[in-house]
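Trainee: I am new to this structure and would like to learn how to read it. Could we take a few features in turn?

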Amino acid sequence: MDEFMEAALAEARKGYAEGGIPIGSVLVHQGKVIGRGHNKRVQEGSVILHGEMSALENAGRQPVSVYRECVLYTTLSPCPMCSGTILLYGIPRVVIGENETFMGEEELLRSRGVDVTVVDNPECRALMQEFIAQKPELWNEDIGV
Ligand SMILES: [Zn+2]
């Protein structure tokens, strides 16, 4: 597995171990992780800290010139909120662990010129499946179902 997807998955596992939703993400700039995070709905009672939002928040304020050279890695296909944020800051490339559990706004991202790669990683998928089997209501809450 790619080292950055490995880092995103490590974040997802950390979140799961905390009793949270196992989705992780890292923001990479010029081959270096500048922000990492995982979903914090349970841990912080947050309605906006999805894995991707958490990684972006953790990276802190960055100039436009940095975002334009970033790659966002996420273990799961990004929802409308996270996809909107990717577009807002002009992040040009997104690498997704899997989109079988949840199909996010990949079409929207591609239509706006974002380079989207789905690596279809079985470990990302297995972790989500295990979590959803255990806590289906928590998962539904996170995706607004
Ligand atoms: Zn999201």
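Predicted model: local features only at pLDDT ≥ 70, side-chain atom pairs only at ≥ 80, totals over all residues.

Trainee: How many cavities of 30 Å³ or more does a search of the whole structure find?

Mentor: The search finds 1. The volume of the largest cavity is about 90 Å³.

Trainee: Which residues lie nearest the centre of the largest cavity?

Mentor: Ile23, His50, Leu76, Cys79 and Asp142 do, out of 13 residues in its lining. Two elements, α2 (51-59) and α7 (136-142), each give two or more residues to that lining. Sorted by class, the lining residues of the largest cavity are 7 nonpolar, 4 polar and 2 charged.

Trainee: Now the strands. How many bridges join strand β4 to strand β5?

Mentor: There are 4 bridges between β4 (residues 93-98) and β5 (residues 115-118), and the two strands run parallel. Between β4 and β5 the chain passes through helix α5 (residues 106-111), making a β-α-β crossover that is right-handed.

Trainee: Last, the side chain. Is His38 buried or exposed?

Mentor: Buried means under 20% relative accessible area. His38 has 4% relative accessibility, so His38 counts as buried. This residue is found in strand β2 (residues 32-38).

Trainee: Which side chain does a polar contact join to that of His38?

Mentor: The side chain of Glu18, in a polar contact of 2.9 Å.

Methods. Residues numbered from 1 in each chain as written. Heavy atoms only, no water. 1 Å grid on protein atoms, 1.4 Å probe; cavity = no way out; pocket = protein on both sides within 12 Å on 5 of 7 lines; lining within 4 Å. Points joined across faces, edges and corners; volume = space filled by probe spheres on them. Nonpolar A, V, L, I, M, F, W, Y, C, P; charged D, E, K, R; others polar. Pairing = 2+ DSSP bridges. Right-handed = clockwise from strand over helix to strand, strands pointing away. Buried < 20%, exposed > 50% of the residue type's maximum accessible area, 1.4 Å probe, protein only. Polar contact = N/O pair within 3.5 Å; in protein donor to acceptor, adjacent residues only side chain to side chain.
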